[in-house]
Amino acid sequence: MDKVKITGVIVIIAGVILAGFILGDFLPTVGDATSSANSYLSPYYIEHALHDTEAPNLVTAVLADYRGFDTLFETCVMFLAGVTALMVLLSKRKIVKGQRNPSDTNGISFSGTVLDTAFRVLIPVILIYAFYVLAHGEISLGGGFQAGALLAIAYMIDRLIPSFQNRLGFFTEETAAMTAGVGVFIYIFTGILPMFNGGNFLEYGKLPFEFAVEAAVMLHPVGIFLIELGVTVCVMATIINILEVVLERTKFDD
Amino acid sequence: MIDILQGFLAEKGIYMLTFILMGLGIFGMICCGNYMKKVVCMNIMQVAIIFFFLTLGQKDGGTLPVLVKDIFEAEAYINPLPHALMLTAIVVSLGTTGVALALLMKIKEIYGTIEEEEITGKGWKK
Amino acid sequence: MPVIFLEALFLILLIAIAVTIIFHKDLLAVTIIYCAFSFGAMMLYIIVGAADVAFTEAVIGVVSTVYFIIAIKSISRRCK
């Protein structure tokens, strides 16, 4: 065994336990309802979320309505991660652009009737569940990130099983990066639309869809849904982008 | 006996275990020679940090942060603010892992190996 | 059983998995154990009460594990 690693692990465990006994009084007790993390702003969010945003899921109300600006920049970071991965591995192309020949899709050789049948049943169920999670993000658990990742998993299953002949396969590297940009654009456009109507950036109460809803406060779920759509498209496209970039350099030869 | 153990865990025990996990993650990032293991240990460290933030939002007797019909008091629900921040953190950690793997494949192509001792020529004295 | 004991139990399990990841020498085994680590982290988030975070961690753990397995195919499986 490696002596450096063993001594390191023992030193860390002993050191943290010792430091915990000496210095551990400034952290709040776990489960305390009057600690300062639970005192100043979060009671306001819990008590006024239904009245302001018409969304019973408090986490979505905080993430997409009260703190919508942070979510915008997180979406931008995901888009930039996809573009960076594309730029790092950008060099000689061995596959002619636009041609996807399923018979030499890196030659993954595991297949069989059990896998085929199982995934024929599994992929439509995952797709339906992903759209359900996106649409119900405000009422129960869910949201944009989970839906986008589920759609990307359905694409991944179809891409990595060779005998499916890549039926969902219309994404190349550049197409996936462009789709991620479209997702960010949907988000920013939902933010700019209220400015044409006299409101601030990302103020859902002044979206110009007054003819479709019955009260001004019901515009908030419309705004939240459009934002979650943008996040879903961006996250799905970034995951597919990184997958395609990495798969192009891989040889499966077993 | 159980009360003493419960009191000790609530005051300091959970935080000590969380910081041990984070310390192990950072130690793995520094001392493992293989670059792939460094990326895995980075993800271990991120799980520890996310769990630390989530314990700050616990309340005794609170339920999930989804509104139940006609109950609006703030003591009945746990704090939703750390959950919203940590959702962003998890998704950004996925992006970081993806970029790290792209860089890893480029390093393998240029140098032919991903052991730190063979690339830089320096290592821990065994 | 109070919630705090379950939290401590899962944290000790995660620490044991982390020690195994640091010491092991086969990269494919490290990837599979990392999938178990992600699953244990998801159970921990459910116990604390964060259901949205647990859902996200479950899905993103799967995607991360698939990325690692694809990367191992073009990188040697042994580690010194």
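## Basis of the description

A residue is called buried under 20% relative accessible area, exposed over 50% and partly exposed in between, using a 1.4 Å probe and protein chains only. The model is predicted, and local features therefore need pLDDT of at least 70, side-chain atom pairs count only at pLDDT 80 or more, and totals for chains, interfaces and linings use all residues. Residues are numbered from 1 along each chain as its sequence is written, chains are lettered from A and ligands numbered from 1 in the order in which they are written, and side-chain values use heavy atoms, with hydrogens and water left out.

## Chain A

Chain A has 8 helices and 0 strands; helices are DSSP runs of H or I with at least four residues, strands are E runs of at least two, and both are numbered from the N terminus. Read from the N terminus, the order of elements is α-α-α-α-α-α-α-α.

Of the 254 residues in chain A, 47% are buried. Taking contacts in chain A (heavy atoms within 4.5 Å) between residues at least 6 apart in sequence, 69% join residues at least 24 apart. The accessible surface of this chain is about 12,900 Å², and carbon and sulfur atoms account for 69% of that surface. Such areas come from the Shrake-Rupley method with a 1.4 Å probe, and for residues only the protein chains shown count as cover.

## Aromatic pairs

A pair of aromatic rings is described by the distance of the centres and the angle of the planes. Here, rings of Phe, Tyr and Trp (its six-membered ring) pair if their centres lie within 6.5 Å; planes under 30 degrees apart are stacked, over 60 edge-to-face, and the rest tilted. Over all chains, this rule gives 12 aromatic pairs. One of them is the stacked pair of A:F185 and A:F189, with 5.6 Å from centre to centre and 20° between the planes. The two residues are 4 residues apart in helix α7 (residues 173-192) of chain A, so about one helical turn separates them. A:F185 is exposed, at 53% relative accessible area, while A:F189 is partly exposed at 41%.

In chain B, B:F52 and B:F53 form an edge-to-face pair, 6.2 Å centre to centre with 75° between the planes. B:F53 is partly exposed, with a relative accessibility of 34%. Both residues belong to one aromatic cluster that also contains B:Y15 and B:F19.

## Interface of chain B and chain A

The size of an interface is often given as the accessible area lost when the parts come together. Chain B and chain A bury about 4,700 Å² between them, 77% of it on carbon and sulfur atoms; buried area is the accessible area (1.4 Å probe) lost by two parts on being put together, summed over both. This interface has 7 residue pairs in polar contact, both residues being at pLDDT 80 or more. A polar contact is a pair of N or O atoms within 3.5 Å; within protein, one must be able to donate a hydrogen and the other to accept it, and residues adjacent in sequence count only if both atoms are side-chain atoms.

On the side of chain B that touches chain A, α1 (2-31), α2 (35-55) and α3 (81-111) of chain B each supply at least two residues. The most comes from α3(B), with 16 residues.

## Interface of chain B and chain C

The contact involves 44 residues from chain B and 44 residues from chain C. About 4,000 Å² is buried between these chains, with 81% given by carbon and sulfur atoms.
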